Amino acid sequence: MRSSIPLQPPSASQISALQSLAREVVHAPSKRAARPLVRRLHDEAAQLRTRLPPLVASSVSRLVRCAEAASGAVIEKALRLEEFNQACELLLRLLDGC
């Protein structure tokens, strides 16, 4: 259960940094090359999720999952990139509403 302390949303630069790291994951040449980036992405996302309302935190998790699924040389790369871009857009829309 979350505490009753008001959540302090992350700054625009923190969200931008998360998206930039996620894009690095997506464009990694292989899953192996993406592994250290994925670990960093998971860590940074976990820190941000603690400061976000549940729906927005869920959107951050989706962004991470989509980035990881699109990393490296995967089948249906275009579809995975579209899912990733949709996750980015959803996160930004939800943050605008915070």
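1. Surface. Accessible areas here come from the Shrake-Rupley method with a 1.4 Å probe, and for residues only the protein chains shown count as cover. On that basis the chain exposes about 6,000 Å². Carbon and sulfur atoms supply 56% of this area.

2. Ground rules. This is a predicted model: local features need pLDDT of at least 70, side-chain atom pairs count only at pLDDT 80 or more, and totals for chains, interfaces and linings use all residues. Residues are numbered from 1 along each chain as its sequence is written, and side-chain values use heavy atoms, with hydrogens and water left out.

3. Fold. The chain has 4 helices and 0 strands. Helices (H or I, at least four residues) and strands (E, at least two) are DSSP runs, numbered from the N terminus. The pattern along the sequence is α-α-α-α.

4. Overall dimensions. The C-alpha trace spans about 45 × 25 × 25 Å along its principal axes. The radius of gyration is taken over C-alpha atoms, and the globule rule is 2.2 Å times the number of residues to the power 0.38. For 98 residues, a compact globule would come out near 13 Å; the chain has 14 Å, which agrees.

5. Burial and contact range. Buried means under 20% relative accessible area, exposed over 50%, and partly exposed in between (1.4 Å probe, protein chains only). Of the 98 residues, 33% count as buried. Contact means heavy atoms within 4.5 Å. Among contacts between residues at least 6 apart in sequence, 70% join residues at least 24 apart.

6. Core. A nonpolar core is a set of buried Ala, Val, Leu, Ile, Met, Phe, Trp, Tyr and Cys residues joined through side-chain atoms within 4.5 Å. The largest one holds 27 residues; Leu18, Leu41, Leu52, Leu63, Ala67, Phe84 and Leu91 touch the most other members. Helices α1, α2 (31-49), α3 (54-70) and α4 (77-96) each supply at least two residues of this core. The most come from α3, with 8 residues.

7. Ala67. Beyond its neighbours within four places in sequence, Ala67 is in contact with Ala22, Val25, Val26, Leu41 and Phe84.

8. Gln19. This residue sits in helix α1 (residues 12-26). Gln19 counts as buried because its relative accessibility is 10%. Neighbours within four places aside, Gln19 is in contact with Cys88 and Leu92.

9. Ala69. Helix α3 also holds Ala69. With 33% relative accessibility, Ala69 counts as partly exposed. Ala69 touches Lys31, Val74 and Arg80, not counting residues up to four places away in sequence. Its C-alpha atom is separated by 9.4 Å from that of Glu83, 14 residues apart along the chain.

10. Glu76. Check the backbone here. Phi of Glu76 is near 60°, a positive value in a residue other than glycine. Glu76 lies in the loop between α3 and α4. Its relative accessible area of 47% makes Glu76 partly exposed.

11. Glu89. Helix α4 carries Glu89. At 49% relative accessibility, Glu89 counts as partly exposed. Glu89 and Ser59 are 30 residues apart in sequence, and their C-alpha atoms are 9.8 Å apart in space.

12. Charge. Lys and Arg count as positive and Asp and Glu as negative; His and the chain ends are not counted. Each charge is placed at NZ of Lys, CZ of Arg, CG of Asp or CD of Glu. The chain has 14 positive and 9 negative side chains. The centres of the two sets lie 5 Å apart.
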